[in-house]
Amino acid sequence: MKKDFGVKPWLCPQTVSIIATFDRDGHADAMNAAWCGMFDDDLVELCLSATHKTTANIKETKAFTVSAADAAHVKECDYLGCVSGNKESDKLTKAGFTVTKSRFVNAPVINELPFVLECELVRFTEEGTVIGRIVNAAVDESVLSSDGKVDLAKFRPIVFDPFTNCYRVVGEKVGEAFHDGLALR
């Protein structure tokens with residue numbers, strides 16, 4: 001029997017995405033956002049509050065990057081979600097991160113995080129959700145397998161566990177997508 005909990009934001013797991021932007025003066029900022037996902041093959045969707053500095057920066061610069069947080073940087077990535085860019089202007093430096101300007105969009109790439117989507121703003125929805133087009137995906141070679149694919153065991157991305165307010169590592173393989181279910185035909 002299932003126990004009812006009412007309305008909860010418990011879609012699980014939730015990616016831990018680090019959204020990085022430049023402000024109008026070219027100063028880099030980033031935030032930790034769990035409500036981020038794919039909208040289409042080349043589009044991402046960010047559910048961000050209008051009060052976030054990141055939201056204002058995206059409106060201003062029309063660009064952002066989405067990096068996947070990893071186990072090696074849990075403390076640093078969590079810090080980016082604990083402190084507001086509206087109050088702390090140097091969050092990235094305090095977290096120990098460095099950035100390089102994207103070659104594709106007007107947004108920073110966090111050098112220490114191995115995976116990044118570089119995006120241009122498509123639109124804000126009526127509800128305020130950000131829709132961005134992926135212009136480039138870049139992955140550090142240190143997390144690639146010998147055949148050039150992303151190796152989750154090397155990458156060790158983290159997800160947010162909304163049931164216990166903790167982060168968990170992704171990586172254990174439990175099946176083959178678009179294959180294992182075919183046995184039920």
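My entries follow, topic by topic.

**Ground rules**

I am reading a predicted model, where local features need pLDDT of at least 70, side-chain atom pairs count only at pLDDT 80 or more, and totals for chains, interfaces and linings use all residues. Residues are numbered from 1 along each chain as its sequence is written, and side-chain values use heavy atoms, with hydrogens and water left out.

**Entry 1: the open sheet**

I began with strands. Helices (H or I, at least four residues) and strands (E, at least two) are DSSP runs, numbered from the N terminus. Two strands pair if DSSP finds at least two bridges between them. Strands of a sheet pair through backbone hydrogen bonds, either parallel or antiparallel.

I found an open sheet of 3 strands, in the order β1-β11-β12, with antiparallel pairing. Its edge strands are β1 (14-15) and β12 (166-169), and each pairs on one side only. I then followed β11, residues 158-161, which is joined to β12 by 4 bridges. In this pairing V159 stands opposite R168 of β12.

How many residues of β2 are buried? I needed the cut-offs here: buried means under 20% relative accessible area, exposed over 50%, and partly exposed in between, with a 1.4 Å probe and protein chains only. In β2 (residues 17-22), 6 of 6 residues are buried. S17, I19 and T21 point one way, while I18, A20 and F22 point the other way. Both sets are buried.

I looked for the partners of β2. With β3 (residues 28-33) it pairs in the antiparallel sense over 6 bridges. S17 has A33 as its bridge partner in β3. The two strands form a hairpin with 5 residues between them. In that turn, G26 has a positive phi of about 85°. β2 also pairs with β6 (residues 63-68), again antiparallel, over 4 bridges. There A20 stands opposite T65.

**Entry 2: helix α1**

I moved on to α1, residues 53-61. Its buried residues are K53, T54, T55, N57, I58 and T61. What do they pack against? I listed β2, β3, β5 (43-46), β6, β9 (115-124) and β10 (130-139). Contact here means heavy atoms within 4.5 Å. Just after α1, K62 takes a positive phi of about 65°.

**Entry 3: a charge over a ring**

I checked K59 next. Its charged end sits over the ring of F124, 5.2 Å from the ring centre. The rule asks for NZ of Lys or CZ of Arg within 6 Å of the ring centre and within 35 degrees of the ring normal.

**Entry 4: E88**

Is E88 buried or exposed? E88 is buried, because its relative accessible area is 16%. I placed E88 in the loop between α2 (74-82) and α3 (91-95). Its side chain reaches the backbone nitrogen of D90 at 3.1 Å. It also makes a polar contact with the side chain of K94, at 2.9 Å. A polar contact is a pair of N or O atoms within 3.5 Å; within protein, one must be able to donate a hydrogen and the other to accept it, and residues adjacent in sequence count only if both atoms are side-chain atoms. Leaving aside neighbours within four places in sequence, E88 is in contact with Y79, V83 and K94.

Most residues other than glycine have a negative phi. I noted R156, which is not a glycine but has a positive phi of about 55°. R156 is in the loop between α4 (152-155) and β11. At 40% relative accessibility, R156 counts as partly exposed.

F178 has a positive phi too, of about 60°, and is not a glycine. I found F178 in the segment after β12. F178 counts as exposed, at 84% relative accessibility.

**Entry 5: cysteines**

A disulfide is a covalent bond between the sulfur atoms of two cysteines. The search counts a pair of cysteine sulfur atoms within 2.5 Å. Over the whole structure I got 0 disulfides.
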